[in-house]
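Here is a short walk through one protein model, written for someone opening it for the first time. Have a look at the fold, then read on.

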Amino acid sequence: MKTVSISGSPRENVGKKDANILRQKGIIPCVVYGGSEQIHFSASDRDLMALFTTPEVCFVELNLNGKKIMAIPQEAQFHKVNDTLLHVDFFELRDNRPITMMVPFYTQGNAAGVLKGGKLVKNMRKLRVRALPADMPENITVDVTKMEILDEIKVKDLANEKYKILNDQSSAVVAVKTTRNAVAAAAAPAAEAEAAPAEEKK
């Protein structure tokens, strides 16, 4: 799993007034929990926003005045009107404790059904995955090359021994849908066969 580093400073005052003063300076109040104690700190707005503006998922190495903590973003609060970042909760990682993350889902290859006029439809962009930190995938990618029209890949088809996908197992993650072009292409051979005898009589 990719890891990014964010530097922060422990907060001595955790009231609303202090938090507002920090935000005016482009610094966001944060907390990391899941360890022996909760730690309140603040970090750069720019560094934190980078975590939420990329499709990638990653672990975060928090550097708090020399103390390093491995964590994942757990929850972020945004302003209801202007979408500015207000607060971020982090969850401390432990090697033997499973975590849950939203992992990007990608496809690779050109589906056979698409080449015949069908349309590839992704019903999910991310999957909810639970695993130990060492087993958490950066993404889940599936080869769709052999998918024909009306074929679909369900959550249960993506099962893996190292992690568990928490989405509904019967839900289709990706499918090849039929289109008017596909229907027309399938009907063309039959139409030609019917027309052939009439041509022969002439």
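## Charged pairs

At 24% relative accessibility, D18 counts as partly exposed, where buried means under 20% relative accessible area, exposed over 50%, and partly exposed in between (1.4 Å probe, protein chains only). Before going further, note that this is a predicted model: local features need pLDDT of at least 70, side-chain atom pairs count only at pLDDT 80 or more, and totals for chains, interfaces and linings use all residues. Residues are numbered from 1 along each chain as its sequence is written, and side-chain values use heavy atoms, with hydrogens and water left out.

So who does D18 team up with? Its side chain meets that of R11 in a salt bridge, at 3.2 Å from N to O. The term stands for a side-chain nitrogen of Lys or Arg within 4 Å of a carboxyl oxygen of Asp or Glu. R11 is buried, with a relative accessible area of 14%.

| Salt bridge | N to O distance |
|---|---|
| D18 and R11 | 3.2 Å |
| E148 and K116 | 3.0 Å |
| E152 and K154 | 3.9 Å |

Take E148 and K116, whose side chains meet at 3.0 Å. E148 sits in the loop between strand 10 (140-143) and strand 11 (152-154), and K116 in the loop between helix 3 (112-115) and strand 8 (119-122), so the pair ties together parts that are 32 residues apart in sequence. Helices (H or I, at least four residues) and strands (E, at least two) are DSSP runs, numbered from the N terminus. E148 is partly exposed at 29% relative accessibility, and K116 is partly exposed at 47%.

In the E152 and K154 pair, E152 is partly exposed with a relative accessible area of 40%, while K154 is partly exposed at 24%.

## Strands side by side

K154 also has a bridge partner in strand 13, namely A172. Strand 11 and strand 13 (residues 172-177) pair in the antiparallel sense over 3 bridges; two strands pair if DSSP finds at least two bridges between them. They belong to an open sheet of 3 strands, ordered 8-13-11, with antiparallel pairing. Strand 8 and strand 11 are at the edges with a single partner strand each, so one side of each is left without a neighbour in the sheet.

Over at strand 1 (residues 3-10), 6 bridges join it to strand 4 (residues 59-64), and the two run parallel.

## The largest pocket

What lines the largest pocket? There are 16 lining residues, of which F52, V57, P73, M101 and M102 lie nearest its centre. Helix 2 (45-52), strand 5 (67-78), strand 7 (99-108) and strand 9 (126-131) are the elements that give two or more residues to this lining. Strand 5 provides the largest share, 5 residues.

A pocket here is an open set of points on a 1 Å grid over the protein atoms alone, where a 1.4 Å probe fits, with protein on both sides within 12 Å along at least five of seven lines; lining residues have an atom within 4 Å of a point.
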